[in-house]
Amino acid sequence: MFHKEGQKIIIITFFIVVAAILAAQFYVEVEWLRLTIQIAALVLLVAILQFFRNPKRLVTPNFDDILAPVDGKVVVIEEVDEPEYFKEKRRQVSIFMSPVNVHVTRYPASGTITYSKYHPGKYLVAWHPKSSTENERTTVVLHTPKFGEIGYRQIAGAMARRIINYAEEGEQVTQGQDAGFIKFGSRVDLLLPLDCNITVKLGQKVVGARTCIASIRKQDD
């Protein structure tokens with residue numbers, strides 16, 4: 001299953017690949033060069049298909065847990081001052097997505113969208129400390145039943161040039177539901193309350209709509 005945001009690119013790539021293979025077959029006489037062109041064309045098609053894959057993940061909404069919004073690796077767990085919306089300290093958990101990861105963004109919790117804003121910006125590498133505030137990005141805030149308001153940011157990386165965000169203010173959304181897409185390398189920051197219990201570690205690989213990122217802190221913690 002492929003994400004709808006990749007349909008146009010997949011179709012265009014398919015026709016380019018077919019044309020390249022046929023052109024090489026009929027017009028390139030050197031066998032090793034012909035095979036190289038044809039194999040390279042097929043590799044390109046496979047790379048595009050794997051990037052836009054969209055595995056279906058059924059989720060039973062759980063109000064006690066915040067799930068990973070994307071596939072990737074945890075690169076930041078820290079306390080930050082959030083100046084855009086919360087204007088207070090938050091627990092930030094950042095997940096870096098390489099080009100081989102699934103790039104679908106999924107809602108980390110069920111709730112109501114209270115804020116959704118796009119920011120144009122730079123294209124620093126996604127792990128750069130300033131990418132959260134200077135890169136092209138979207139900021140989305142959800143009001144959840146047990147965590148109160150939580151936020152997440154889709155951040156474009158050095159290769160990314162387009163962020164797709166489906167969140168609209170006032171909309172009711174469900175945990176694990178498709179929330180958008182980031183094309184070609186990126187990062188997502190979760191902005192969580194200080195009193196929640198972070199359940200992942202630095203360097204841990206996470207799976208969108210599967211891995212628990214944070215839970216309600218127990219009273220005796």
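The model is predicted. Its secondary structure comes to 3 helices and 14 strands, and 48% of its 221 residues count as buried.

**Overall make-up**

- The protein exposes about 11,300 Å², and carbon and sulfur atoms supply 60% of that area.
- Among contacts with a separation of 6 or more, 71% are between residues 24 or more positions apart.

**Nonpolar cores**

- In soluble globular proteins, nonpolar side chains tend to be buried together.
- Here, the largest nonpolar core has 30 residues.
- The residues with the most contacts inside this core are Ile-66, Val-93, Tyr-107, Tyr-152, Leu-192 and Ile-213.
- At least two residues of the core come from each of β3 (88-97), β6, β7 (148-156), β10 (178-182), β11 (186-192) and β14 (212-215).
- A second, separate core has 8 residues, including Ile-10, Phe-51, Phe-52 and Phe-181.
- Ile-66, in the largest core, has contacts beyond its neighbours within four places in sequence, among them Pro-108, Ala-109, Phe-147, Ile-150 and Gln-175.
- Further contacts of Ile-66 include Leu-190, Leu-192, Thr-211, Cys-212, Ile-213 and Ala-214.

**Helix α1**

- Ile-9 is found in helix α1, which spans residues 7-27.
- Ile-9 counts as partly exposed because its relative accessibility is 25%, which lies between the 20% and 50% cut-offs.
- Not counting residues up to four places away in sequence, Ile-9 touches Ile-48, Phe-52 and Lys-183.
- Ile-9 and Phe-52 are 43 residues apart along the chain, and their C-alpha atoms are separated by 9.3 Å.
- Phe-14 also belongs to helix α1, and its relative accessibility of 42% makes it partly exposed.
- Phe-14 is part of a nonpolar surface patch of about 810 Å².
- The patch is made by Phe-14 together with Ile-11, Phe-15, Val-18, Leu-22, Phe-26 and Tyr-27.

**Pairing of strand β5**

- Strand β5 covers residues 111-119 and is joined by 2 bridges to strand β9 (residues 172-173), with the two running antiparallel.
- Gly-111 stands opposite Val-173 in β9.
- β5 is also joined by 7 bridges to strand β6 (residues 137-144), again in an antiparallel arrangement.
- His-119 has Arg-137 in β6 as its bridge partner.

Conventions. Residues numbered from 1 in each chain as written. Predicted model: local features only at pLDDT ≥ 70, side-chain atom pairs only at ≥ 80, totals over all residues. Heavy atoms only, no water. Pairing = 2+ DSSP bridges. Helix = DSSP H or I, 4+ residues; strand = E, 2+ residues; numbered from the N terminus. Buried < 20%, exposed > 50% of the residue type's maximum accessible area, 1.4 Å probe, protein only. Contact = heavy atoms within 4.5 Å. Patch = residues over 30% accessible without salt bridge, like charges linked within 9 Å, V, L, I, M, F, W, Y side chains within 5 Å. Areas by Shrake-Rupley, 256 points an atom, 1.4 Å probe, with all protein chains shown as cover. Salt bridge = Lys/Arg side-chain N within 4 Å of Asp/Glu carboxyl O. Core = buried A, V, L, I, M, F, W, Y, C linked by side-chain atoms within 4.5 Å.
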